[in-house]
Amino acid sequence: MKKLVTVIFLAALFLGATQTVSAQEDYRYDAGGGIGMTGYLGDANTSNLWSHPGVDGMLLFRYIKSPRIAFKTGLYVGTLSGNTEDMTDVLPDAAQFKFSTTFFELSEMFEFNFFNYGIGERYRKLKRWSPYITGGLGATFWTTDGYTGVALTLPIGIGVKYKINERLNLGLEFLMKKTFSDKLDGPALSDPHAIKSGFAKNTDWYSTLSVTLSYEFSKRCATCNYR
């Protein structure tokens, strides 16, 4: 996995002023999949996101609104794990916990490309590659130590796309996902310090770093005449 996934991202500020795009992409939809690795931050790992990396696979479907904007549906399956023995923080009574789980996630996300992404006419200022930012809403299902949970998630992240040819796209995407549950790592770690946490305040996050390959289809009409 280390040979397959290499992370090189350039930090960029979000463009405050909106820019209208006069022309649309050649294709309406984009579908594909990817593989990668996962990370976890929570009560069983409070500092190093990659101390217990897992694996993930995903399927994606995009509606391409314009060279700058797309809406993506993502279906993820992956593994997560953690161990309190790796932490410098000491739990009450010197308790030790570890967990491993498989999760399933369905998400809807908005993508904003920093460049007009595509291959084609120069007047459209299309570029074969583009960094992008993304965010949205999802739901995650998992089972840990006999506990089955479902929770809303808030995924947000960055990525980069590259057009291999007119229809084929290669991508690299990193997402951090906040779960609205404190039991992703199991019920025993829902409140190890006996500090009551609310619905919107918990410590369970996970990440996905995925390499994707997708194919565009359903060509748009450059000029459509109706009688």
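**Aromatic rings and charges around a barrel**

Tutor: Let's begin with one tyrosine: Tyr63 has a relative accessibility of 33%, so Tyr63 counts as partly exposed. Buried means under 20% relative accessible area, exposed over 50%, and partly exposed in between, with a 1.4 Å probe and protein chains only. Before we go on, this is a predicted model, where local features need pLDDT of at least 70 and side-chain atom pairs count only at pLDDT 80 or more, while totals for chains, interfaces and linings use all residues. Residues are numbered from 1 along each chain as its sequence is written, and side-chain values use heavy atoms, with hydrogens and water left out.

Student: In what order do the eight strands close into a barrel?
Tutor: Strands here are DSSP runs (E, at least two residues), numbered from the N terminus. Two of them pair if DSSP finds at least two bridges between them. The pairing in this barrel is antiparallel, and the order is β1-β2-β3-β4-β7-β8-β9-β10.

Student: How many bridges join strand β9 and strand β10?
Tutor: Strand β9 covers residues 168–179 and strand β10 covers residues 205–219. Met176 stands opposite Ser207 in β10. The two strands pair in the antiparallel sense, and the count of bridges is eleven.

Student: How many aromatic pairs does the structure hold?
Tutor: Rings of Phe, Tyr and Trp (its six-membered ring) pair if their centres lie within 6.5 Å; planes under 30 degrees apart count as stacked, over 60 as edge-to-face and the rest as tilted. By that rule, the number of aromatic pairs is eleven.

Student: Why is the pair of Tyr29 and Phe61 called stacked?
Tutor: The ring centres of Tyr29 and Phe61 are 5.6 Å apart. Tyr29 belongs to strand β1 (residues 27–41) and Phe61 to strand β2 (residues 54–64), so the pair ties together parts 32 residues apart in sequence. Tyr29 is partly exposed at 27%, and Phe61 is partly exposed at 37%. The pair counts as stacked because its planes are at 25°.

Student: What is the angle between the planes of Tyr29 and Tyr63?
Tutor: This pair links Tyr29 in strand β1 with Tyr63 in strand β2, 34 residues apart. Tyr29, Phe61, Tyr63 and Phe217 form one aromatic cluster. The Tyr29 and Tyr63 rings are 6.1 Å centre to centre and tilted, with an angle of 50°.

Student: Which residue lies over the face of Tyr76?
Tutor: A charge sits over a ring if NZ of Lys or CZ of Arg is within 6 Å of the ring centre and within 35 degrees of the ring normal. The charged end of Lys127, for instance, sits over the ring of Phe115, 5.6 Å from its centre. For Tyr76, the distance to the ring centre is 3.6 Å, and the residue is Lys177.

Student: Which residue forms a salt bridge with Arg62?
Tutor: A salt bridge is a side-chain nitrogen of Lys or Arg within 4 Å of a carboxyl oxygen of Asp or Glu. Arg62 in strand β2 and its partner in strand β1 are 32 residues apart, and both are buried. Their closest N and O atoms are 2.8 Å apart, and the partner is Asp30.

Student: How far apart in sequence are Glu173 and Lys72?
Tutor: Glu173 and Lys72 form a salt bridge with N and O atoms 2.8 Å apart at the closest, and both residues are buried. Glu173 lies in strand β9 and Lys72 in strand β3, so the pair ties together parts separated in sequence by 101 residues.

Key: Helix = DSSP H or I, 4+ residues; strand = E, 2+ residues; numbered from the N terminus.
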